[in-house]
Amino acid sequence: MKKRTVLVVDDQLINRQILGKILKDEYEIIYAENGAQALEELRAHPELISAVLLDILMPVMDGHEVLRELSKDSVLSKIPVLVSSQADGEEAEVQALSLGAQDFIAKPYKADIICHRLENTIRLRETAAVINKIERDEVTGLYSKQFFIDKVTEYIQQNPEQHFDMVCIGIEQFKLINETFGLQKGDAVLRYVAKILEDIQPEIGICGRFTADEFYILLSHRQSYSEDTFMRWNQKLSKAPVEMEIRIHGGIYDMEDDSIAVEEMCQRARLATDQNKGNYDMFTYYDESIRDKVLEEQFILSNIDRALEQKQFHVYYQPKYDLQTEMIAGAEALVRWIHPQKGFMSPGAFIPLLEKNGFITKLDRYVWERVCEDMQRWMEMGNPPLAISINVSRADLYNPKLTDIMLDLVAKYKIPLRYLHLEITESAYTNNPEQIITVVNRLRKLGFVIEMDDFGSGYSSLNMLAEMPVDVLKLDMRFIQNESKKETGKGILSFVISMAKWLNLAVVAEGVETGEQIATLRSMDCNYVQGFYYAKPMDLEAFFELLKTSQITEMICTSKSLEQFAQSENMKKGTAISGKEMLIVDDVDVNRAVLAGTFMDEYHIVEKENGQVAWEYLEQNYKRVKIVMLDLLMPVMDGFQLLHKIKSDARTKDIPVIITSQGDADSERRALQVRADDHIVRPYKPDIIRHKVHNALANNEQRQVEKPVTIPMDKAQQYIASLRPHFDIVRLVDPRQTMVCDNFGEECEIQSCFSVWGRQQRCSNCISLKALEGKTRMSKLEYTSDGLYCVISEYVPFEGRDAVIEMVTHLDSEYVDNVFDKEMLYLKLDRIHQQLELDGLTGVYNRRHIDGQLEAYIEKAKKCGTNLGIAMVDVDSFKVLNDRCGHTVGDEALRRIAQIIQNNMTVSKGDFVARFGGDEFMIVCRNITAELFRDRMETVIELVRHINVGDHPDITLGLSAGCVMLEEYPDFTVNDFIKCADQRLYAAKESGRNRVIAG
């Protein structure tokens, strides 16, 4: 066990030697010759020293002066002090104890007495610290939950004649504060709020913090709380240590019934608080209406399983109409709960609750099954399929089996994938967008149509739209109803529909109720509408009756690239789009019939009985054939020969080919060697072959997207002309021909991509540069002194050189003022822009941040004459961990290691940690000495060694690190520094790991 450290302070060498000899076996000893030296040691190592043995009579600074100085410091005053003096120094002893000393030891020293008193004093201090840690919230110093409840209970019992109020307080948008400014700023805000609460009623002084921003305070009862009371509290918050306005909301429980447990009183105050979010200037009292709501929620949760078993949930359908023809083009499936006693229960009462507790996934599965049954029933009646959209909740998207569930459903009920539309709310994309986009992309590539529901309900919409995998945009009903009433609304509504058109998304306007709204949307070229103006949601039988008496049309929803969009805009006379063909090549009639029957709803089927006639057909019709299903064993020309011809001919080599056989492993191996895209065996299983066909097509489509395609320069002006009606500015540029701002960072004034388009320099965060480098499309909301803009940059590979088309639309400032809290919007936008440089797994910066910022950091340090430390860090034994425990455990280990590095290395403004790749991290610390940089690194290595790896105690993680300082190589470039740190890193690994090597 590590020894505790004791500071011995005495001007006499003999006394220091005696005390050192007495204590050396049990303690580490630090010596000081006078009070001034003692204070230096204490201030340098406050966390290290467990106790002080302090002589009273000393030169320079005596013991009394030391005690006075310690009492002024909140940290040092907690270190116990034992004073020593002559046996007859009673007056000095009394004075020392009055100044805060914990005990007194007399001279001459008695070893046993000194050891016992020192041990008791240290143990008492450590016990008090442990109790205080349990009793007090570490961040704010307020009571923790259990101690708050105990203190309130005790106080009420001691003052039975008094009447109290329990007040619960929360901080508005506290999560956003943490996300935008970091956890340290968030903790500072929590401490500031805690101090305000403690000052409100010091005569009681019982305040607690339970979780996050949830505070409680016991107050003397008031008949009413004026609005001024809470306005004064909020005014005090204006001085909070963060650059945004802080507001609180809260709830009050009148504690008139003292038979209720204090914990229940807190719960009631919190329920009142939950009702009051967004109400800044007043608090909400707990009353019967809140109680009724809680009881209603309890009823819902306790009855939901029974309701599913008894099929109390019913699927209703609300039709979608083609706005130009007014024909039915599809419908949305909506769930309704009809309880045997309560009757119709509003979805607004149970859907949010089920989403909150995760039960929504069970209800969604139930609805999906009912919808697919109804779609199959409609088709079995001899009707063509109709597009139905079903809701996919955020919780569903985290289910790793979601894709399999959806494929199983459409296979079971024989539904063509394109007719089952998946509705995902806009808000689902805002949390963990990378994971959501990956899942949605997978579903979309299989053939499902993706609809973004409730677009316009959040301020991230425009910023996200261009990057989301979406086919259909559904405009939020409140967006339609509110914005279509005013000119500014029509402006933004028109822009959103135009932008969707540019992205070639179908647009559905929800909540349409009036003829005026219909006329407005039709004038803006909106595709589809849904709302009471045409039809309310209806049960299945009513929906079928409506369909039988109505005209039905196909719902068209596709996404195109910029090139495709421009071509369609410029096309004066279009040619007929040829249908998708599947070529089935097999000499056995029944095999062809099974495949044809499986895919007849999705493809125009062409059947050929041998490879020779199939090749002759392909030579003439290769442009129409989307996929080939090929048997291996056939007369005239077998499958191997035909496959070789298809993959060797430039006209047909990109057509995906799936081999069919009886399951001969050698045949399968040979077919894949000749570049077949997949292999299926007979007897055919419809769900498997559908899945493989969709995968082959999706993979082929991805390969075609990744192929470089150049466009003749003479088409540039055609593209720009086709886009210009939809944007305020459209221009073709090569952003590499402008200078990149060298000093991007704290001092850079060029923060805006749009603002520099007319200048000869660009910020290194310019999205046009990023679009060019990534050969992709990027968009963002950009605010400047002139207002708010939607900015889109798309890479276009023009012949002879790469370029970017830049498109800008100015958003009406009145719209922004009316719809958004602008300050919160700008904070959120900053957060979104920062996320471009954040690693999705660990939360620290990514390689993009290193590439964009490190050079500026080094140049600034050189210019200012300050030092800079760079470390490359690698996780030891990480591959062993992944191989034995799996990638989920490995990912969690990387997250924990990143957090340890972040907490212990980046302690000054401007320091940062970035994931360099895999299990490597880079650390950059500004204005730091080589010794301190190495000390911090060694601390991190020691902390990582103690990470517990689940069920594998034999696996010990570690870090190896290589550090380099700017002062070592003042002329190094960025790449030189990285290379040097990397070389030292691997020298550390070769020397035994868990080590740091510096210059």
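Student: What makes strand E11 (residues 313-322) count as mostly covered?

Tutor: This is a predicted model, and in it 9 of the 10 residues of E11 are buried. Buried means under 20% relative accessible area.

Student: Which strands pair with E11, and how do you know that they pair?

Tutor: Two strands pair if there are at least two bridges between them. E11 and strand E12 (residues 328-339) are joined by 9 bridges and run antiparallel. E11 and strand E19 (residues 528-529) are joined by 2 bridges, again antiparallel. The cut-off is at least two, so both count as pairs.

Student: Where do individual residues sit in these pairings?

Tutor: Gln-318 stands opposite Glu-332 in E12. Tyr-321 has Val-529 of E19 as its bridge partner.

Student: What lies between E11 and E12?

Tutor: The two strands form a hairpin with 5 residues between them. In the turn, Glu-326 has a positive phi of about 60°.

Student: What makes a positive phi worth a remark?

Tutor: Most residues other than glycine have a negative phi. Lys-414 is not a glycine, yet its phi is positive, about 55°. Lys-414 is found in the loop between helix H15 (402-412) and strand E15 (420-425). Ser-877 also has a positive phi, near 65°. Ser-877 is found in the loop between strand E31 (868-876) and helix H34 (878-885).

Student: Why is Lys-414 called exposed, and why is Ser-877 called partly exposed?

Tutor: Exposed means over 50%, buried means under 20%, and partly exposed lies in between. Lys-414 has a relative accessible area of 56%, so it is exposed. Ser-877 has 25%, so it is partly exposed.

Student: Which residues of H8 are buried?

Tutor: Gly-186, Ala-188, Val-189, Leu-190, Val-193, Ala-194, Ile-196 and Leu-197 are. In general, an α-helix has 3.6 residues a turn, so residues three or four places apart point the same way.

Student: Which strands does H8 lie across?

Tutor: H8 lies across E6, E7 and E8, and runs at about 10° to E8. These strands belong to an open sheet with the order E7-E8-E6-E9-E10 and mixed pairing.

Student: What makes E7 and E10 edge strands?

Tutor: Strand E7 (207-209) and strand E10 (284-285) each have a single partner strand, so one side of each is left without a neighbour in the sheet. Elsewhere in this sheet, strand E6 (residues 164-171) is joined to strand E8 (residues 215-220) by 6 bridges, running antiparallel. There, Cys-168 stands opposite Tyr-216 in E8.

Student: What is the strand order in the open sheet with parallel pairing?

Tutor: This sheet has 5 strands in the order E21-E20-E22-E23-E24. Strand E21 (604-608) and strand E24 (678-681) stand at the edges, since each has a single partner strand. Neighbouring strands are turned by 20° against each other on average, direction ignored. Strand E20 (residues 581-585) is joined to E21 by 5 bridges. Val-585 has Lys-608 of E21 as its bridge partner.

Student: Which helix lies across this sheet's strands?

Tutor: Helix H24 (residues 589-599) lies across E20, E21, strand E22 (625-631) and strand E23 (657-661). H24 runs at about 170° to E21.

Student: Which residues have the most contacts inside the largest nonpolar core?

Tutor: Phe-313, Leu-363 and Phe-448 do, in a core of 101 residues. Helix H13 (residues 360-380) gives the largest share, 10 residues. Phe-448 is in contact with residues including Met-406, Leu-407, Val-410 and Asp-471. Apart from this core lies another, of 32 residues, among them Val-873, Met-905, Cys-925 and Leu-957.

Definitions and conventions: Residues numbered from 1 in each chain as written. Predicted model: local features only at pLDDT ≥ 70, side-chain atom pairs only at ≥ 80, totals over all residues. Heavy atoms only, no water. Helix = DSSP H or I, 4+ residues; strand = E, 2+ residues; numbered from the N terminus. Axes fitted to C-alpha atoms, helices over the stretch in contact; angles between N-to-C directions. Contact = heavy atoms within 4.5 Å. Buried < 20%, exposed > 50% of the residue type's maximum accessible area, 1.4 Å probe, protein only. Core = buried A, V, L, I, M, F, W, Y, C linked by side-chain atoms within 4.5 Å.
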